[in-house]
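I set out below what I looked up in this structure. I begin with how the model was read and then turn to its contacts.

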Amino acid sequence: MTAPYRIAGKGHLGTAPVARFTFDGKSYAGLEGDTLASALLANGVHLVGRSFKYHRPRGFLSSGVEEPNALVGVERDAARTTPNVRATVQELYDGLQAVSQNRWPSLSFDVGAVNNLGSPFFSAGFYYKTFMWPKAAWKHLYEPFIRRAAGLGVAPEQPDPDHYAARYEHCDLLVVGGGVAGLTAALAAAESGARVVLVDEQPEFGGSLRFESQTRIDGQDGWDWAQSAVHRLAGMDNVRLLTRTTAFGYHAQNMVAMIERVTEHLPGPLPDLPRERLWQVRAKQVVLATGSIERHMVFPNNDRPGIMLASAGRTFLNHFGVAVGRNVGIYTSNDSAYYAAIDLKKAGVSVAAIIDVRDNPKSAIVDQARALGIEIKAGHVVSGSKGHLRVSAMIVKPRGGGAEQTIAVDAMLTSSGWTPSVHLFSQSRGKVAYDEATQRFLPGTYAQACVSVGACNGSDRLEDLLIEASQAGRGAAQAAGVDHDAAGAYPEASAAEVWTGGMLGVAPGVEDKKAFVDFQNDVTAKDIAQAVREGMRSIEHVKRFTTNGMATDQGKTSNMHGLAIAAEVLGKPIPEVGLTTFRQPYTPVTFGAIAGNARGALFDPTRRTAIHSWAEEHGAEFEDVGQWKRAWYFPTAGEDMQAAINRECVTVRQNAGIFDASTLGKIEVVGPDAATFMELLYTNPWQKLEPGRCRYGIMLREDGYVYDDGVVGRLAADRFHVTTTTGGAARVLHHMEDYLQTEFPHLKVYLTSISEQWAVIAVQGPKSRDIIAPLVEGIDISDAAMPHMSVREGKICGVPTRLFRMSFTGERGFEINVPADYGRSVWEAVWAEGKKHGACAYGTETMHVLRAEKGYIIVGQETDGTATPDDVGLAWAIGKAKKDFVGIRGLQRQDLVAPGRKQLVGLRTKNSTTVLEEGAQLVADPNQPIPMKMLGHVTSSYWSENCGRSIALAMVEGGRNRIGDILYVPMPDNTIEVEVTEPIFFDEKGERLNG
Amino acid sequence: MLLIRCPYCEKDLPEVEFRHAGEAHLVRPSNITEMSDAEFEGYFFIRQNPKGIVFERWRHVHGCGRFFNAARDSVSDKFLTTYKAGEPKPVLGDRE
């Protein structure tokens, strides 16, 4: 079966196997090596999409990554549907299924095309002007409608089942672009012995040699020369060749980000292969050989399916062996399109005429076209086109005016010249310079160790280009420090294609009709002129007002036209109007590739304590605390969360509870100056704390606000075991290191994180001593020998322990530190003893309730980074006689000592069963007008089974003077009355610490 | 990703190993309790944040753990030099 537009013997695909595919459900056959675009064209299919705003029928403009029109969905299965795929980039594989987008009910009959009739109303800035009012309508009416009507494809709703890889690479030279310039530079550098990476976005190297039929290098056909160059490079150990790989981001210090498409061209799925691979390359030198991109002619109705770039027509013909039509019209303002006409004619395709805006084009290639008998209408313009779902004719008239002539065609190829691809150069922070003579921006001032060669550098003559690229390759090798002997000869151009010039902006003969500049965003020449007339002066403003160049193609074909039109209306030279910024990525990059493995369980590390598995086995529910999984509560059969917590809270105070406190941050502060250092970092006095005793410490920042807290045990004169909050461990150590290294470097102290070295088992409750007594060796744990707030070293269950007598519940309590490897076995031994005494295991929620019953604060819950020790009732922890500590001066600041600061208080709801919402606001008068004067907010709130009522802590303005006052908590559906109390609800005298 | 030279490790290493730590060459006064409000404000709150050469602290937090200083161009992001904590501000006259 032969596709009707495939020309036997043409192209580079040879006798490739047939690949069957469907488009919008209809079956076609193409060849392996085709793109979806070339395969559709081989079957005569030009209509592939509807435009974004006007829903106009659209076909292929290009044959490459610059494609603005031919976006399709590629559907592999429910989870592997990829929207907005450029059909000109998607390689064909057997079984490929593609669908068109942005049309309803079908591509050839699209209801949305009514927008096209209303297009006078959809001019530039239409959305900004029209949908301003009423404000609420934007969210509920306009935006949903616009999103439906003016859309791209639809993303899959299922999670991405594929995986993505990432690699780093270091090399002497990275060459971006594998056309004639890149291949030449890579060869020169590689032969010098440099480590070279050559990367190209296409499936094969060769660049424009894919379509240049008249180029010969070293006596070979251009394409054949490219293949032999690749063959030579592939045989060198110091060369890495990457195809289907786009260098999309040029970062600082020559780091280039690249995306390799590994399986997009294969029938799949292939679970052993990553779908894409992200490369981060650090290159000593970079050669940019990124080529140039052809621009279309801007003329009325230049967007009909079948109207394409001349280079696309040549690529389809000379590389894929596909004719874009049977009777093709050419419209150009430079020589390059003549080559297309000649190639088509030689392949047996009729060329209707070449319409050239130039009055008297003279060159060898023009003569060649004329000699082949192709009609050339010089000094003529195309003033319009005809056809509905495909171009059927071009309307031609003399440039200076005169009678119009309709010339029947079934395809048109246009060229207005070539735009050097300076995207990566610009991303590298190089500054482009405008070349007046050739009307193009070229690399000007370099910012990094890189050099541009070939078409992206404006090098038009092949002879010069080959020398330039060879020298760049050798120079880069040398600059990278590679010794090389005088390398081989440069490649020589035996025959070359030559073209220069062209035009920017609107072709002559455009009247008040749609002459498209940006196809993907439906921006016409008229829109850009209108934007300038409405006051946009900078090209950045014109761009945003018209959306020119803002679609997924990022204006690769449209930006220069848009700039030229704006400059003309402004009456300014192009460089003064400015160029919009080139940003990465060069072409769209998937989130999957960027995320790589960092998703799901691998998104963030999960930290588990040594006792985690026991908690899991005993039915614990867990909560996330930073990266930690902490046991939240331990429900027994039939218990809901509240019932479990009530039971745990009561059991701890009646008997005892066992709690995994391993996540506490722990830092060992050691050295002859350890106490001096502690004096400087904490508000408390430490010099006189005896070894074996503990103290509750508060750490401030220099501004006087509470930064962290925790119990500190002094193990020896020169050794402190410091605990921090679970979330604060890393930053507290950083804070300590900062002061030790930079402000107090004279102190002989070292700091060691020991958070993960010690597992911590808290045993709290009246039976706690009885529970641990049989397990502890060598420590007298009687009240007399080991009072509250003391620490001892000894053994428990035969393993070393740092045993703390301390309490975060208000009960008699111990915290058993054991080496983490023994955490679970010691826990199990404690649990076995605990069961004999009616103890329970409890989780973080019960820990929170019990400490709130006692009014113990949690840093980060009661404090918010603007609370002083006095605000939270901890002024007693500040060493009054101390001359210095971090935060001492901050505490004296006017606002920190002023009356009326928010202070920690307790709240009792009038209705004892009402549990307040944390974060709820407090007011004195619930009947005052909104906005009410807010006095503070609820910081902690729980049901307390031990108190038989709800309890809450709050930060309230002048709170300690409001004890006994009634305040109100306005909620959406009611107002809650509360009484301000002391921030303690249970055992106010603290007798149970020794109970 | 930037490469940053740790003056202690004497290696150029990826920026993810480092943590920025604010303006450099600020010294905590030994008489901090005697400072006026204005002096304390100047010491603790006011930062230069210039456009151009900035002197700033970095910590090789996922490496040797040491704090050091750097001179960096805040326009180009380029590190001009890095040096050990406690060393004086380098003279940058000959550099770009």
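My entries on the interface, the salt bridges and a surface patch follow.

**Basis.** I worked from a predicted model, in which local features need pLDDT of at least 70 and side-chain atom pairs count only at pLDDT 80 or more, while totals for chains, interfaces and linings use all residues. Residues are numbered from 1 along each chain as its sequence is written, chains are lettered from A and ligands numbered from 1 in the order in which they are written, and side-chain values use heavy atoms, with hydrogens and water left out.

**Interface.** I looked up the contact (heavy atoms within 4.5 Å) and found 29 residues from chain A and 25 residues from chain B in it. In chain B, Met1(B), Arg28(B) and Phe67(B) lose the most area to chain A, together 29% of what that side buries. The two chains bury about 2,300 Å² between them, 47% of it on carbon and sulfur atoms; buried area is the accessible area (1.4 Å probe) that two parts lose on being put together, summed over both.

I then counted four salt bridges between chain B and chain A, a salt bridge being a side-chain nitrogen of Lys or Arg within 4 Å of a carboxyl oxygen of Asp or Glu. Arg28(B) forms a salt bridge with Asp884(A), with the closest N and O atoms 2.9 Å apart.

Glu260(A) is in strand S14 (residues 255-261) and Arg277(A) in strand S15 (residues 276-288) of chain A, 17 residues apart; strands (E, at least two residues) and helices (H or I, at least four) are DSSP runs, numbered from the N terminus. Both Glu260(A) and Arg277(A) are buried, where buried means under 20% relative accessible area, exposed over 50%, and partly exposed in between (1.4 Å probe, protein chains only).

I also looked up Asp77(B) and Arg72(B), whose salt bridge has its closest N and O atoms 2.9 Å apart. Asp77(B) counts as partly exposed at 29% relative accessibility, whereas Arg72(B) is buried at 15%.

**Surface patch.** Which residues make the nonpolar surface patch of about 380 Å²? I recorded Trp104(A), Phe109(A) and Val111(A). Patches are made of residues with over 30% relative accessible area and no salt bridge, with like charges joined within 9 Å and nonpolar side chains (Val, Leu, Ile, Met, Phe, Trp, Tyr) within 5 Å. Accessible areas come from the Shrake-Rupley method with a 1.4 Å probe; for residues, only the protein chains shown count as cover. Val111(A) counts as partly exposed at 42% relative accessibility.
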